[in-house]
Structures are given as structure tokens and as C-alpha cells.
Amino acid sequence: MVQLMQQYEVWRELFSPLHAINFGIAGDTTCNVLWRLQNGELQNIRPKVVVVWVGTNNHEHTAEQVAGGIVAIVQHLISSLPQAKVVVLGLLPRGERPPLRVKNASVNGLLRSWLPRLGSTQLLDVSAGFVHSDGAISTGDMFDFLHLTAGGYRAVAKPLSDLLLQLLEETPEDRRASLV
């Protein structure tokens, strides 16, 4: 999801001015991200904010396992980049119908209770806007009930950008953010 965001205008508009670096790889699971972080991906960078958006590809795991993997990533980031603030993007609903939607919502609920214990970390959950009152997800937001359209990316990117600007509170030339 993060990797694909860079292909849309919203990336150039909202994140390029922040000098954001996108480390996302399509299909990543929490184990893939944690391995990369433990094996050099954090070398030679000093971001002020790190955004983590991973877990939807862990569809074969329980909500507790997915949330635990995300927490392990955050713990590694905190120990490796103690100066950085960490933002975890909540999982979006996925699938034309439950059960994956229910699991992703459970992951977000666990993160909501577990992340505050870690310090300079916060959860940004923008999932509510994707499921309409009739329970449907618009194909205008997610063309296949998983991958975002330009409009879907904008719905995620705008609140994320607002939060990043709030966390950074510096002039545009000094801002740095990394998305994982």
C-alpha cells in the first residue's frame, strides 16, 4: 500500500515536500519489514518521524499475531531511532464482506490499547471512512476491496500529512519523514 502511494499525485503533493523516503514493498508482511529493519534498512538515516503501515498481508495470522508483529516493528524502531516519533497507520478494512474486515478492525483495536505503552508512538486509524452505512466499500476508494484508488489514497494521505506536519513543526526545508 505504501509503495503504491508513491505513484499517485498525492505523494508528490503532500509527502515529497517533506523529503519523505518510501521503503514500502508490495506484498510485505510484518516479518518481512522486521527482517529488513534488523538487517540494514535503517543504516545512515535519521528521520524525525517514521510511518509504519503494514499488516494487511498477514491475512493468515490471528489479529493478536498481526498486532504483535506491528508492535515488534515499533519496538525495533524505537530502540534503533530513539529520536524519531513513530506513527502507525491502522489497517484499512478489506474484502467485499467480513471476515478480513473484522480481523483488521481487531488488529486496530489491539494497537489502540498496546501502542500507548511504547512512548513516542501513536496510531492513526482512518478506516472508518471506507465502510459506508450499508456496509459497502466503494470501488471508488478500493477498486478490488483492498488496493486503493487515487481517491482512496487521498483519504489516507490527507490526515497523515496533517499529523506529520503537526509532529514535525519545522520549516519545510528541515522536515524529514520516512514511510515503511
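Hi everyone, two housekeeping remarks before the tour. This is a predicted model, where local features need pLDDT of at least 70 and side-chain atom pairs count only at pLDDT 80 or more, while totals for chains, interfaces and linings use all residues. Residues are numbered from 1 along each chain as its sequence is written, and side-chain values use heavy atoms, with hydrogens and water left out.

Let's start with the rings. Rings of Phe, Tyr and Trp (its six-membered ring) pair if their centres lie within 6.5 Å; planes under 30 degrees apart are stacked, over 60 edge-to-face, and the rest tilted. By that rule there are two aromatic pairs. In one, Tyr8 and Tyr153 have ring centres 4.9 Å apart and planes at 35 degrees, so the pair is tilted. Tyr8 sits in the loop between helix 1 (2-5) and helix 2 (9-15), and Tyr153 in helix 6 (residues 150-168), so this pair ties together parts 145 residues apart in sequence. Helices here are DSSP runs of H or I with at least four residues, and strands are runs of E with at least two, numbered from the N terminus.

How accessible is Tyr8? Tyr8 is partly exposed, at 24% relative accessible area, whereas Tyr153 is buried at 0%. For those words, buried is under 20% relative accessible area, exposed is over 50%, and partly exposed is in between (1.4 Å probe, protein chains only).

The rings of Trp11 and Phe15 are also a tilted pair, because their centres are 5.3 Å apart and their planes at 45 degrees. Both residues lie in helix 2, four residues apart, about one turn. Trp11 is buried at 3%, and Phe15 at 0%.

Next, helix 4. Its buried residues include Val66, Ile70, Val74 and Leu77. What do the buried residues of helix 4 pack against? Their partners, in contact (heavy atoms within 4.5 Å), include helix 3 (30-41), strand 3 (85-89) and helix 5 (100-114).

Finally, charges. A salt bridge puts a side-chain nitrogen of Lys or Arg within 4 Å of a carboxyl oxygen of Asp or Glu, and the structure holds seven. Glu9 and Arg12 form one of them, at 3.2 Å; they are three residues apart in helix 2. Glu9 is partly exposed at 47%, as is Arg12 at 43%. Arg36 and Asp28 meet at 2.5 Å, N to O, and both are buried.
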